[in-house]
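This report describes a protein model together with its ligand. Please look at the sequence and the structure before reading on.

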Amino acid sequence: MRYDWDRVAVPGSLREFEGRWSTRRNPLDFSGVWRFRELLPFAPEDKIVTIGEGQTILQQSNSVARYCGMNDSSLFLQYEGLNPSGSFKDNGMTAAVTHAHMVGATQAACASTGNTSASLAIFGSCTGLLRVLVFIGSGKIAYGKLSQALDYNAKTIQLEGDFDDAMQRVREVCSQAGIYLCNSLNPFRLEGQKAIIFRILESLAWEPPDWIVVPGGNLGNTSAFGKALLELKELGLINRLPRLAVINAAGANTLHELYERDGLRWNHGRPDATVREDYFVAMEAGGRRAATLASAIEINRPVNLNKALRALDACDGVVREVGDQEILDGKAQVGAGGFGCEPASGASVAGVKQLREEGVIAASDRVVCILTGHQLKDPNVTVAYHSGKSDDFDRLLRPSGVNEAVHANSPVAVENDLEKIMEVVSRF
Ligand SMILES: Cc1ncc(COP(=O)(O)O)c(C=O)c1O
């Protein structure tokens with residue numbers, strides 16, 4: 001999506017947006033997305049659909065900084081779990097649903113690893129504007145997320161297969177049945193997700209950090225972040241771009257393979273470098289399917305791949321892959337020293353640690369990690385990790401290569417006897 005910025009009345013200083021939050025004279029200013037409406041100027045105000053998304057915060061975390069080998073005061077967690085549906089998706093969904101409203105759609109659909117479906121479902125139920133259909137891979141969704149789609153009354157189709165299969169089918173269904181598609185290949189989703197960047201910069205007094213680190217799945221955030229930063233620079237509202245680091249799970253690492261191993265890093269951004277369909281056909285014929293405990297990023301065919309490559313190009317990006325062990329250890333650090341997050345978000349902390357060990361990130365750099373989803377989205381993995389040596393650990397985590405719960409905080413079983421309870425308490 002491109003705007004003719006000469007025809008948009010963009011405030012001359014980013015500080016004007018801050019004032020809107022403190023006064024909230026316009027109901028749209030309760031939204032952490034539409035507060036920045038001139039920076040995504042595609043909708044007339046009376047068509048905007050909002051449920052108060054984007055009231056999220058940037059938290060400095062010294063304990064996570066130390067875990068990653070960073071100096072105190074250098075690491076920040078952008079906590080998107082505070083959104084109404086508990087993940088960053090609401091930033092984009094408000095924009096997609098607004099566009100759906102503008103074109104008079106009454107039905108919307110998505111494929112999902114769980115958070116997109118929760119987000120679309122809550123917009124459907126809260127606003128009453130859309131009937132919602134969601135496609136998920138069977139057995140491929142965390143319980144917290146499935147419970148949201150069901151509770152928000154979305155028609156939920158559990159498809160035999162994984163996210164990549166569900167994505168392909170929902171596109172076919174939407175095009176045959178004329179249903180509005182709300183996955184992040186919908187460009188309006190990405191317009192809304194730009195607001196995550198606006199809020200990060202606002203929290204840092206509009207001084208860009210050195211790094212923004214984000215887990216990569218379908219690469220909607222990566223693409224939206226690059227676009228937001230480039231537009232702010234084009235508008236003269238910031239004068240330099242942070243670097244982007246995208247972190248794949250090792251079991252779903254298409255971007256990492258293409259960018260760091262197959263050399264796309266060196267020629268992307270040009271039309272001859274776009275990744276063609278036959279790349280994925282060959283990959284799947286070779287039997288490769290995505291597999292990671294971070295189910296939100298268990299995606300091998302990222303729909304925004306080419307846009308993400310442009311973003312990485314503009315922001316001097318790097319891509320890394322991290323194992324499930326590192327993801328869960330990083331996640332446990334966030335829980336103990338920041339807001340809790342779901343497994344996929346732990347990838348960004350694990351990624352910072354790895355980039356710090358490689359010397360790519362300096363200890364004094366200012367780094368923002370995006371925590372994409374709330375801790376309660378996937379309680380099974382969290383409980384299995386903290387239970388340490390347990391059946392849950394062996395059943396759920398070990399098959400994915402997680403061998404120890406380095407930071408486990410295991411519950412203590414004790415008889416209902418005061419003396420025995422006091423014995424435990426005295427050791428506390
Ligand atoms: C919690 C969480 N983190 C990360 C991602 C990946 O985001 P993106 O598709 O923008 O790369 C998702 C996508 O479903 C998610 O739900």
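Which atom of the ligand lies 2.8 Å from a backbone N or O atom of Asn221? It is an oxygen atom of the ligand. The model is predicted, so local features need pLDDT of at least 70 and side-chain atom pairs pLDDT 80 or more, while totals for chains, interfaces and linings use all residues. Residues are numbered from 1 along each chain as its sequence is written, and side-chain values use heavy atoms, leaving out hydrogens and water.

**The ligand**

The contacts below are polar contacts (pairs of N or O atoms within 3.5 Å).

| Residue | Part of the residue | Distance to a ligand oxygen |
|---|---|---|
| Asn115 | side-chain N or O atom | 2.7 Å |
| Gly217 | polar backbone atom | 2.7 Å |
| Asn221 | backbone N or O atom | 2.8 Å |

Taken alone, the ligand exposes 390 Å², of which the protein buries 98% (Shrake-Rupley method, 1.4 Å probe).

**Helix α7**

Helices are DSSP runs (H or I, at least four residues), numbered from the N terminus. Helix α7 covers residues 187–203. At its start, a side-chain oxygen of Asn186 comes to within 2.8 Å of the backbone nitrogen of Phe188. After α7 comes Ala205, with a positive phi near 55°.

**Cysteines**

The model has zero disulfides (pairs of cysteine sulfur atoms within 2.5 Å). The cysteine sulfur closest to that of Cys110 belongs to Cys182, 7.0 Å away, which is too far for a bond. Cys110 is buried, at 0% relative accessibility.

Key: Buried means under 20% relative accessible area, exposed over 50%, partly exposed in between (1.4 Å probe, protein chains only). Helices (H or I, at least four residues) and strands (E, at least two) are DSSP runs, numbered from the N terminus. The expected span of a helix is 1.5 Å times one less than its number of residues. A polar contact is a pair of N or O atoms within 3.5 Å; within protein, one must be able to donate a hydrogen and the other to accept it, and residues adjacent in sequence count only if both atoms are side-chain atoms.
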